[in-house]
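Here is a friendly walk through some of the terms used for this model. Each reply sets a value beside its cut-off.

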Amino acid sequence: MPSVSSRLPVFPWDRLEPYKATAAAHPGGIVDLSVGTPVDPVPQLVQRAMADATDRPGYPTVWGTSELRDAVAGWCERRLGAVGVGHRNVLPVVGSKELVAWLPVQLGLGPGDRVAYPRLAYPTYEVGARLAGAEPVVYDSPTELDPTGLKLLWLNSPSNPTGRVLSLRELREIVEWARQHGVLVFSDECYLELGWEAEPVSVLHPEVCGGSFEGLVSVHSLSKRSNLAGYRAAFAAGDAEVLEELLLVRKHGGMMTPAPVQAAMIAALGDDDHVAQQRARYAARREGLRGALSRCGLATEHSEASLYLWATRDEPCWDTVGALAERGILVAPGDFYGPAGERFVRVAFTATDERVAEAVRRLES
Ligand SMILES: Cc1ncc(COP(=O)(O)O)c(C=O)c1O
């Protein structure tokens, strides 16, 4: 049997284990800021919707219930400013990571095709290209890419790990360029509602897409905005033809969002109050950590949105990881996201208020 896993990058998190052990040995316990996993409660209204939907013996559909499609389309119009979103423009997925990882395969890409993504990026874009046997390509600016053989262009704004946000003008230029060259754009916008010093814009906004979703799909997740990482709840929205093809393939693959999760998604997408509450928690944690990092010599770059501070002491990232681990604080080395991150660390502000306050105290002592 040929090994598929040997095509994939080495899972880097094992390299962090010794630093985790050091941080865990701190008398006050570890403050783990290395991963962006939500720690606050699932909103009550979402828990109730999930609980009310436990008696669902039948198979769910891949396309989701009509109510879910309404909820997704309504959210896209309300929160993204997208116009004319119908049921054919939406597709639920089982958390966005599975879509990112399997999209090139599901689009039928393979050897000879190229898949591009930002030089500093969430590692799953590369994984997706490699699972399909396509060529992964990194970019600084997408419009400088050679379009030959380029079939899929990933955007990620706000960015993981840097928190950088693409402006409306940049997005419009990228969309124009991609359309000119027949390159399909998938825009991973899972941090879109987490802008702090910038207003993230979707590719589906009329001023970016010109009122047509042709060649454009945006990807959204409820993991971060609604603390639903454990539910696996996400969706794609945009070009109807692309989504129809994905729907056909995914039906054969049995990629169904469980029915109780679909009910939870409807409740979550219909409510903006819990998002505002969660944002306020993150804003306070971000403010505290950013100030403390800066006072102890770590400068932050970008970081205008998302759940991360992209910070540097202008030294190799593993030295910074080591120094912070000595204080009982675990962060992610920037080179996990590409060699260009080798002098940065990614500091997630998804820990509890108590742990973040402890990190601030340790950084300032
Ligand atoms: C940029 C980006 N895309 C996608 C995901 C996957 O999110 P989920 O699978 O929980 O929807 C993450 C998770 O951290 C991410 O940072």
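Q: What makes Leu246 buried or exposed?
A: Leu246 has 23 other C-beta atoms within 10 Å, so it is buried. The rule is that a residue is buried if 20 or more other C-beta atoms lie within 10 Å of its own, exposed if 12 or fewer, and partly exposed in between, with C-beta atoms placed from the backbone. Leu246 lies in helix H9 (residues 240–253).

Q: Before we go on, what kind of model is this, and how are residues numbered?
A: This is a predicted model, in which local features need pLDDT of at least 70 and side-chain atom pairs count only at pLDDT 80 or more, while totals for chains, interfaces and linings use all residues. Residues are numbered from 1 along each chain as its sequence is written.

Q: Which residues does Leu246 touch, not counting residues up to four places away in sequence?
A: Leu246 touches Leu91 and Gln106. To be in contact, two residues must have their C-beta atoms, placed from the backbone, within 7 Å.

Q: How do you know whether Ser226 is buried or exposed?
A: Ser226 counts 25 other C-beta atoms within 10 Å, so it is buried. Its place is in the loop between H8 and S8. Leaving aside neighbours within four places in sequence, Ser226 is in contact with Pro43, Val46, Ala268, His274 and Val275.

Q: Why is H10 called largely enclosed?
A: Because 10 of the 11 residues of H10 are buried, the rest of the structure largely encloses it. Among the buried residues are Val261, Gln262, Met265 and Ile266. The buried residues of H10 pack against helix H2 (44–52), H3, S2 and helix H8 (222–225).

Q: Why are H3 and H10 called roughly parallel?
A: Helix H3 (residues 66–80) and helix H10 (residues 259–269) pack at an angle of about 30°, with their axes 9 Å apart. Axes are lines fitted to C-alpha atoms, for helices over the stretch in contact, and angles run from 0 to 180 degrees between N-to-C directions. Angles under 35 degrees count as roughly parallel, over 145 as roughly antiparallel, 65 to 115 as roughly perpendicular and the rest as oblique. H3 and H10 are therefore roughly parallel to each other.

Q: Which residues of H3 and H10 meet?
A: From H3 come Glu67, Leu68, Ala71, Val72 and Trp75, which meet Gln262, Met265, Ile266 and Leu269 in H10.

Q: How does the reach of H3 compare with the expected span?
A: With 15 residues, H3 reaches 20 Å from its first C-alpha to its last, close to the 21 Å expected at 1.5 Å a residue. That expected span is 1.5 Å times one less than the number of residues. Just after H3, Gly81 takes a positive phi of about 75°.

Q: What makes H11 roughly parallel to H13?
A: The axes of helix H11 (residues 273–295) and helix H13 (residues 353–364) come within 9 Å and cross at roughly 15°. That crossing angle makes H11 roughly parallel to H13.

Notes. Helices (H or I, at least four residues) and strands (E, at least two) are DSSP runs, numbered from the N terminus.
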